[in-house]
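Please look through the structure below before reading on.

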Amino acid sequence: HYTVLGVNPTASVQEITSAYKQLAIANHPDKQRQRRRSTAPIAQQLSQFSWSQISAAYRTLKDPQQRILYDLSQGLRQDKKESDLRKQVWDLKREEALKKASLMEEQVAQIRRRESAIGGLIILRARFGILSIPPNQPHLAAISDEDRYIDVTNQLQLLVDRSTLQLEARPKTEIAGIFDPQPNERAPKHLDVVYLFKGAL
């Protein structure tokens with residue numbers, strides 16, 4: 001990807017964006033169609049790479065998580081231990097999930113008001129993660145509760161539509177605002193939900 005954009009692996013996000021914009025001006029499909037219709041000489045040098053390759057490279061390198069994973073796959077991050085990089089990716093995913101969760105608050109409040117008005121489904125508490133410590137993994141007892149599981153009350157309330165929780169059969173970490181609080185632990189992760197429906201717990 002770095003070769004496609006013509007930047008070094010140590011390039012900053014600003015340098016990557018600048019290189020992409022220059023390539024976009026010269027190589028975007030709409031620009032190429034205009035050039036074919038025009039008799040004027042091409043002032044900018046076209047890249048040897050396709051527009052889709054340029055776009056894919058930019059999408060990967062502008063995103064901190066994807067860039068770290070790409071660098072790991074290419075052996076470009078040898079200055080740091082892989083475990084440190086994986087922790088950095090986890091921290092980025094956690095930060096992204098928390099941002100998404102905070103952006104949901106107004107919409108969640110609207111859903112709660114609507115459900116309250118009809119005696120519908122109100123999520124009182126929801127947790128996701130390692131909720132109980134398996135007997136064969138006593139080391140988990142040393143991990144604090146807030147590091148073993150996360151609160152996902154708002155994330156689940158957002159999935160309520162007409163008193164039904166629209167929870168598809170997919171990994172919970174694919175739901176907006178949810179992340180795995182212990183991605184390196186093999187212990188089972190569970191979802192625990194306490195809710196109010198038609199005025200009853």
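This is a predicted model: local features need pLDDT of at least 70, side-chain atom pairs count only at pLDDT 80 or more; totals for chains, interfaces and linings use all residues.

The expected span of a helix is 1.5 Å times one less than its number of residues. Helix α7 takes in residues 105-117, which makes 13 residues, so at 1.5 Å a residue the helix should span 18 Å.

Next comes the way α7 is set against the rest of the chain. Which residues of α7 are buried? They are Val108, Ile111 and Glu115. These residues lie on the same side of α7, because the arc they cover around the axis is only 60 degrees. Arg113 and Ala117, on the other side of the helix, are exposed. Buried here stands for under 20% relative accessible area, and exposed for over 50%. The buried residues of α7 are covered by parts of the structure that include β1 (121-129), α9 (153-157) and β3 (160-161). Just after the helix, glycine 119 takes a positive phi of about 65 degrees.

The pockets are the second topic. Rolling a probe the size of a water molecule over the atoms shows where empty space is left. The largest pocket holds about 590 Å³ of space. Its lining is made of 24 residues, and those nearest the centre are Val89, Trp90, Lys93, Asp180 and Pro183. Two or more lining residues come from each of the elements α5 (64-74) and α6 (82-103). Helix α6 gives the largest share of this lining, with 10 residues. Sorted by class, the lining of the largest pocket has 10 nonpolar, 8 charged and 6 polar residues.

How much space lies in the second largest pocket? About 190 Å³ lies there. The second largest pocket is lined by 13 residues, and Arg94, Leu98, Ile150, Asp151 and Phe179 lie nearest its centre. The elements that each give two or more residues to this lining are α6, α8 (145-148), β2 (149-151) and α9. The largest share, 4 residues, comes from α6. By class, the lining of the second largest pocket divides into 6 nonpolar, 4 charged and 3 polar residues.

Two elements come up more than once in this account. Helix α6 gives the largest share of the lining of the largest pocket, and the largest share of the lining of the second largest pocket comes from α6 as well. Helix α9 is among the elements that cover the buried residues of α7, and α9 also gives two or more residues to the lining of the second largest pocket.

Notes:
Residues are numbered from 1 along each chain as its sequence is written. Side-chain values use heavy atoms; hydrogens and water are left out. Buried means under 20% relative accessible area, exposed over 50%, partly exposed in between (1.4 Å probe, protein chains only). The arc is that of the directions from the helix axis to the C-beta atoms. Contact means heavy atoms within 4.5 Å. On a 1 Å grid over the protein atoms alone, a cavity is a set of points where a 1.4 Å probe fits but cannot get out, and a pocket is an open set with protein on both sides within 12 Å along at least five of seven lines; lining residues have an atom within 4 Å of a point. Grid points are joined across faces, edges and corners, and a volume is the space filled by probe spheres set on the points. Ala, Val, Leu, Ile, Met, Phe, Trp, Tyr, Cys and Pro count as nonpolar, Asp, Glu, Lys and Arg as charged, and the others, Gly among them, as polar.
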